[in-house]
Amino acid sequence: MRTALILFTAATVVYAIGTRRSHGRFLGVPFDWRVPRIDTVRRRLWNPSDDRLFPPAVYGIGWALNIHQALVRLGWIDPEEDRYA
């Protein structure tokens, strides 16, 4: 499994360099090789206006966890409680 992840990551980097794209999708998996900004981190990890549980990762390949959406689905917070953007 580790070898497959390393090979997939390497293939994603090669794809990004070859297409001159720092972010996008490779074989359906999101990637983002840009240096993350604070507002990007906040928007991906705590975003009340996004209904997705798993938005694209802040940096690298794969997905992150929208903690706000996870807490809403667990019933720990009211969905309308943090509707600020």
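## Aromatic pairs, sheet and helices

The structure holds 4 aromatic pairs, where rings of Phe, Tyr and Trp (its six-membered ring) pair if their centres lie within 6.5 Å, and planes under 30 degrees apart count as stacked, over 60 as edge-to-face and the rest as tilted. The model is a predicted one, in which local features need pLDDT of at least 70 and side-chain atom pairs count only at pLDDT 80 or more, while totals for chains, interfaces and linings use all residues. Residues are numbered from 1 along each chain as its sequence is written, and side-chain values use heavy atoms, with hydrogens and water left out.

Two of the tilted pairs share Phe26, as the table sets out.

| Pair | Centre to centre | Angle between planes | Class |
|---|---|---|---|
| Phe8 and Phe26 | 5.5 Å | 50 degrees | tilted |
| Tyr15 and Phe26 | 5.0 Å | 40 degrees | tilted |

Phe8 lies in helix H1 and Phe26 in strand E1, so their pair ties together parts that are 18 residues apart in sequence. The pair of Tyr15, in helix H1, with Phe26, in strand E1, likewise links distant parts of the chain, here 11 residues apart. Helices (H or I, at least four residues) and strands (E, at least two) are DSSP runs, numbered from the N terminus. Phe26 is buried, with a relative accessible area of 15%, whereas Phe8 is partly exposed at 23% and Tyr15 is partly exposed at 27%; buried means under 20% relative accessible area, exposed over 50%, and partly exposed in between (1.4 Å probe, protein chains only). Together with Phe31, the residues Phe8, Tyr15 and Phe26 form one aromatic cluster.

The strands belong to an open sheet of 3 strands in the order E1-E2-E3, with antiparallel pairing, where two strands pair if DSSP finds at least two bridges between them. Strand E1 (23-26) and strand E3 (60-61) are the edge strands, each pairing on one side only. Strand E2 (residues 29-32) pairs with E3 in the antiparallel sense over 2 bridges, and Phe31 stands opposite Ile61 in E3. Helix H1 (residues 2-19) packs on the sheet and touches E1, E2 and E3, its direction making about 125 degrees with that of E1. Contact means heavy atoms within 4.5 Å, and the axes are lines fitted to C-alpha atoms, for helices over the stretch in contact, with angles running from 0 to 180 degrees between N-to-C directions.

Helix H2 (residues 38-45) contains Arg44, which counts as buried at 14% relative accessibility. Not counting residues up to four places away in sequence, Arg44 touches Asp32, Arg34, Pro55, Pro56, Ala57, Val58, Leu65 and Asn66.
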